[in-house]
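Please keep the sequence and the model in view while reading.

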Amino acid sequence: MQRIFLVVLLFVSSTLFAQIKRSANITSNELLYHVSFLASDSLKGRQPGTVQDKIAAKYIRDEFREYGLTLLGKKGYQFFSFKNFNPEFEKKTSLTINGERLEFSRDFSAPTVNGSDSLCAEAIFVGKGDSVACYENIKVRRKWAVIYYPLGDSKYVYLNTKPIEIAKNQGAAGIIIVSNDTLSKYIDVDFRSLPKLPIFILSPEASAKLIAPIGQPSAIAQQIAENRILSQPLGINVCGKVAKLYNSIETQNVVAMLRGTDPKYANEYIVIGAHYDHLGMGEMGGSRNPGQLAVHNGADDNASGVVAMLEIAQKLASEQNKIKRSIVFVAFGAEEKGLIGSQRFVDSALIPVENIKAMINLDMVGRLRNRELEVHGSKTSLEADSILNALNSDSLFNLKLVPDGFGPSDHASFYSKNIPVFFIHTGLHEDYHTPNDDIALLNIDGMQNVSDYTYRLARELATMQKPLTFTKSSTRSISSSRSPKIKVKLGIMPDVSGASDEGLKVIGVTEGKPAEIAGIKVGDLIIAINQKSIKNIYDYTEALSTLEPGTKATVRVVRDKVEMELTVEL
């Protein structure tokens with residue numbers, strides 16, 4: 001049925017497009033047509049791994065082929081898979097004791113990744129279970145082994161898996177760990193060391209309920225310490241099942257090449273990319289309206305970047321005889337899941353990464369306002385500043401040149417490989433990652449201007465005599481795995497462009513959240529939190545990492561050139 005739907009939708013699309021006159025030039029009509037398809041309700045937000053994700057990929061692949069580009073990979077696709085958190089994990093993980101259902105998180109945790117078969121069986125207490133001697137008087141084959149974990153005065157770093165392995169070797173079909181303390185406060189788990197069995201760690205209250213037939217937890221702890229307790233059946237029936245913590249998602253990049261015509265440069269590459277995935281119905285996370293199950297069309301993020309790339313590809317293909325270097329066009333999958341598609345691309349051998357001379361990333365180019373165009377990566381090559389300004393000699397745009405090569409989009413994957421990058425962006429807005437990011441709010445004429453500018457940049461990079469000279473712009477990375485841990489949220493959308501170091505501009509305020517309650521408004525420039533100076537997004541995240549829930553913080557802002565101090569209750 002899904003395949004039939006895919007074929008019908010693409011047939012209708014191609015039929016309608018036949019009514020629009022194709023042009024080698026970048027036109028607002030074609031931009032609007034493409035974005036109306038990719039951001040339509042029918043594609044349900046282009047969630048990776050869905051049939052709609054495949055429809056979007058095929059649409060892009062077919063356009064590349066229409067332009068006469070050479071399809072790379074497997075007929076234009078670069079397939080890959082990744083693991084994504086299973087939103088049904090908590091709902092589908094269950095544990096009952098004598099028919100009474102326990103509550104996930106409050107009563108138990110399930111420290112396994114790959115899931116397990118369900119098991120309904122008798123529970124057998126095996127003491128500490130740390131030796132074969134614990135099993136001398138009982139049989140646990142196809143039953144639950146209930147292991148008492150003596151916490152004592154120590155704070156364990158990792159769960160000791162030796163008793164679990166012994167229980168498995170004795171034929172236990174499931175493991176339940178009990179204690180008279182809250183293990184989750186102290187125990188980390190190396191998931192790789194655990195067998196594929198249903199494994200549960202119980203809270204002190206649930207532990208007491210399970211082992212009640214043989215005594216109180218404190219008394220049992222004392223008996224275990226003195227080696228005065230025997231392994232024995234509990235006379236209790238337990239049913240449990242652990243769902244998979246992660247789902248394996250299969251998706252793809254879409255890749256095609258315009259071969260350069262100069263033999264001297266044809267094996268050098270310029271990459272032009274844009275991610276085509278989005279958040280689906282918001283059910284898999286990432287939405288700024290997490291309680292609202294609705295189509296997240298992602299018209300600006302990032303159907304806009306994809307259609308700009310398509311129009312640029314069409315125009316450059318019509319001028320192939322003038323293009324020296326080869327140009328590779330990539331529609332990246334799974335960007336919203338952590339830049340996965342672009343990482344897979346640069347780590348693959350689809351084209352030699354050392355021969356990539358520059359990368360242009362189009363991400364959110366559909367909301368041009370006040371002619372302000374951001375270009376990130378201006379200090380990732382010696383020549384970038386002068387090229388970008390020369391291309392804007394008519395002052396069509398108010399250019400905001402941002403030096404950093406790192407950032408929360410696909411260009412970061414290329415910059416990490418010492419490749420000069422250009423991230424084209426028209427700025428964040430209140431509708432970012434919400435169902436309101438829809439087609440009607442796009443500035444199509446602005447998209448055409450941005451596409452024209454990017455086309456001229458791509459042509460310059462593909463025809464200049466010498467390639468760009470790579471430079472390190474910064475060691476900072478918003479997406480760094482070593483970013484400070486943040487426990488609180490102010491409820492603002494900060495300007496992450498890095499266009500200035502005078503403070504952090506507030507471009508969105510969430511109703512009912514601490515910032516809005518404290519009186520912070522859109523347009524405010526945050527310059528300090530608890531007397532710590534805030535000059536950019538990095539200072540801001542570091543300041544937030546020092547704050548605790550339930551406390552107050554002073555936030556100093558500049559509003560209409562006037563400084564004021566506000567108190568935020570977190």
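## Burial and overall build

What percentage of the 570 residues in the protein is buried? In this predicted model, buried residues make up 54% of the 570 residues. The secondary structure consists of 14 helices and 23 strands, and the C-alpha atoms fill a box of roughly 90 × 60 × 40 Å when this is taken along the principal axes.

Among contacts between residues at least 6 apart in sequence, 77% join residues that are at least 24 apart.

## Nonpolar cores

The largest nonpolar core holds 67 residues, of which Ile 272, Leu 316, Phe 329, Phe 422 and Ile 424 touch the most other members. Helix 8, spanning residues 299-317, supplies the largest share of this core, with 11 residues. Apart from this core lies another, of 32 residues, which includes Phe 89, Ala 123, Val 242 and Leu 245.

Once residues up to four places away in sequence are left out, Phe 329 touches Phe 64, Leu 69, Val 254, Val 255, Ala 256, Leu 258, Ile 272, Met 309, Ala 313 and Leu 316. Two of these partners, Ile 272 and Leu 316, are themselves listed with Phe 329 among the core residues that touch the most other members.

## Surface and charge

The accessible surface of the protein comes to about 25,600 Å², and 49% of that area belongs to carbon and sulfur atoms. The protein carries 65 positive and 63 negative side chains, and the centres of these two sets lie 5 Å apart.

Technical notes: Residues numbered from 1 in each chain as written. Predicted model: local features only at pLDDT ≥ 70, side-chain atom pairs only at ≥ 80, totals over all residues. Heavy atoms only, no water. Core = buried A, V, L, I, M, F, W, Y, C linked by side-chain atoms within 4.5 Å. Buried < 20%, exposed > 50% of the residue type's maximum accessible area, 1.4 Å probe, protein only. Helix = DSSP H or I, 4+ residues; strand = E, 2+ residues; numbered from the N terminus. Contact = heavy atoms within 4.5 Å. Areas by Shrake-Rupley, 256 points an atom, 1.4 Å probe, with all protein chains shown as cover. Lys, Arg positive; Asp, Glu negative; His and termini not counted. Charge placed at Lys NZ, Arg CZ, Asp CG, Glu CD.
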